[in-house]
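User: Hey, can you walk me through this one? I'd like to start with the pockets, then look at the backbone.

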Amino acid sequence: MDFATIVKLSAQHAKPAGLILQYGTAGFRTKAEHLDHVMYRMGLLAVLRSKQTTSTIGVMVTASHNPEEDNGVKLVDPLGEMLAAAWEEYATSLANAEEQDLATVLRDISQKESVSLQQDAFVAVGRDTRPSSENLSQAVIDGVTAFGAQYHDYGLVTTPQLHYIVCCRNTKEQYGTSTVKGYYQKLSKAFTELRKQASSYGDSPRVVKVDGANGIGALKLKEMQPYLQKECLIELFHDGTTGKLNCACGADFVKVQQKPPRGIKMQPNEKFCSFDGDADRIVYYYVDSSSQFHLLDGDKIATLISTFIKELLVKVGLSLKMAVIQTAYANGSSTRYLEETMKVPVYCTKTGVKHLHHKAQESDIGVYFEANGHGTVLFSKTAEETIRQLAKREMDAEKKKAAKMLENTIDLINQTVGDAISDMLIIEAILVLKKLTVQQWDAVYTDLPNRQLKVKVADRRVIDTTDAERRVVTPPGLQENIDELVKKYRLSRAFVRPSGTEDVVRVYAEADTQGNADALAHEVSLAVFHLAGGIGEPPKPL
Ligand code: G16
């Protein structure tokens, strides 16, 4: 390998002169036609990172919840985490370097990170079902091979499956077998074992209707179904055979719109869930007998899972430190319930699973979920070993059963990243084990009415935030404005932040009634529009 060859081959993936892209919440994300050079260069970056860490690095081509026309790239670090924060800066300078500066930027990164260029490198590549993903993943592969490194193209996989595979490869398969089949086997075995511990189904319906967002999650869940046998009856819709990816369906649509995906009939008390476009998020929902729609988002999922784990810990007599990690979007009622009723410490981080993941690593058991349904549970090495040892020991039957359940929970959870399939299976297992209907789960606490809106501005970077994105620093006057608006309503809260995946400013508001949450969200949107350079028409009331 030499940089001259890399630069020469880069001509086939030339960067449009002057195009500048920012590394966002989960990597680069924009219209697919602007990403060819970024993919080639992320192939190069993955090789550098692989050489530096002497590990397999993953590159996933996906724009997750964004519209089908967009695309993006997520880089996966050795243990399946998102790319280390320090490397995001390198990713940005590499993606934005003009062709003539490419070799210099590569050399700079290698020097700063003391990368041994002679070291072997290996990159695992995956992609979602977007029409643009195949060519873009070829661009990644071109970058990897231009560097003379090795790769495996895993083709169509969910984002969490690629994270899982990277972790397996780097732990000498201790985490599991590094194939999609290995993933199905590991999860289905843990799920079946866990399910077996339930004496009966109780009132919990076995059928779960799954909205696949017309994406990769649908494809992979179909593939997994034979492994689940009759333990979980899945009825897939928006499975990609007709509709468009993420179009009026999927977890983001359901969460933000607070309504079911388009084109489905919901009978009272049937259980539904929606995945997003790369299957790393999930939300549940149902309608009651008065046709009222109820959403069980990431906050409700975090509560269900942490209650389940806490109860098991009490049963086996382990006092491991557990915490729940949320973001500013967490519903105020969920935080209150976790802190006051469950007595679990709750932490708030900035949006982006990379932030929640790191905070969760500080506890023995860290349950992290964004309200949008993106999350998982992390068990520290000590916690995991303690539980596995305990599950082997001879003891009281009830205690042994609880220890086994904890062990199967560890195996069922994809600890590398939020995973819609894994999360769905753990939720389904818990509902059966606790004999809970989705309504009973929902009734644990009542969400404060809330509303999320988007505002288009000329440059969303004018908004700078602090305090885990709960307060605005710039533009001047915006926070004061929000503070005044919030005072007008009971139990209210509002914040704004620039999105890291879409070219918009996000607005969140909650209050005592839906009408007040809507009004507050609209008023805050107007303040953003006027003080942060809104474009187009001012936001209209809801
Ligand atoms: C990504 C991130 C999530 C984040 C979401 C929205 O999700 O992985 O952590 O919550 O974007 O981010 P933002 O509000 O900055 O646009 P996904 O599922 O789209 O990859």
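Predicted model: local features only at pLDDT ≥ 70, side-chain atom pairs only at ≥ 80, totals over all residues.

User: Got it. By class, what does the lining of the largest pocket have?

Analyst: There are 13 nonpolar, 15 polar and 14 charged residues in that lining. The volume of the largest pocket is about 1,100 Å³.

User: Which residues lie nearest its centre?

Analyst: Out of 42 lining residues, Gln-22, Gly-24, Arg-460, Ser-499 and Gly-500 lie nearest the centre of the largest pocket.

User: And which element supplies the largest share of that lining?

Analyst: That's β1, with four residues. Elements supplying at least two residues each are β1 (28–31), α3 (85–96), α12 (353–360), β16 and β18 (493–498).

User: OK, what's the volume of the second largest pocket?

Analyst: About 770 Å³. It has 23 lining residues, and Tyr-175, Phe-379, Lys-381, Glu-384 and Gln-415 are the closest to its centre. Two or more residues of the lining come from each of α12, β14 (375–379), α13 (381–392) and α14 (397–412).

User: Which of those gives the most?

Analyst: α13, which puts four residues into the lining of the second largest pocket. By class, that lining splits into seven nonpolar, eight polar and eight charged residues.

User: Switching to sheets. What's the strand order in the open sheet of four strands?

Analyst: The order is β12-β11-β13-β14, and the pairing is mixed. At the edges sit β12 (346–349) and β14, each pairing on one side only. From one strand to the next, the twist averages 20 degrees.

User: Do β11 and β13 run parallel or antiparallel?

Analyst: Parallel: four bridges join β11 (residues 322–327) to β13 (residues 365–369).

User: How do β16 and β17 pair?

Analyst: They're antiparallel, over three bridges. Thr-466 has Arg-471 in β17 as its bridge partner. The hairpin has four residues between the strands, and Asp-467 there takes a positive phi near 50 degrees.

User: What about phi at Glu-469?

Analyst: Also positive, about 70 degrees, although Glu-469 isn't a glycine. This residue is in the loop between β16 (464–466) and β17.

User: Is Glu-469 buried or exposed?

Analyst: Buried, because its relative accessibility is 8%, and buried means under 20%.

User: And Ser-291, buried or exposed?

Analyst: Ser-291 counts as exposed because its relative accessibility is 60%, and the cut-off for exposed is over 50%. Phi of Ser-291 is near 60 degrees, a positive value in a residue other than glycine. Ser-291 lies in the loop between β9 (282–287) and β10 (293–296).

Conventions:
Residues numbered from 1 in each chain as written. Heavy atoms only, no water. Buried < 20%, exposed > 50% of the residue type's maximum accessible area, 1.4 Å probe, protein only. 1 Å grid on protein atoms, 1.4 Å probe; cavity = no way out; pocket = protein on both sides within 12 Å on 5 of 7 lines; lining within 4 Å. Points joined across faces, edges and corners; volume = space filled by probe spheres on them. Nonpolar A, V, L, I, M, F, W, Y, C, P; charged D, E, K, R; others polar. Pairing = 2+ DSSP bridges. Axes fitted to C-alpha atoms, helices over the stretch in contact; angles between N-to-C directions.
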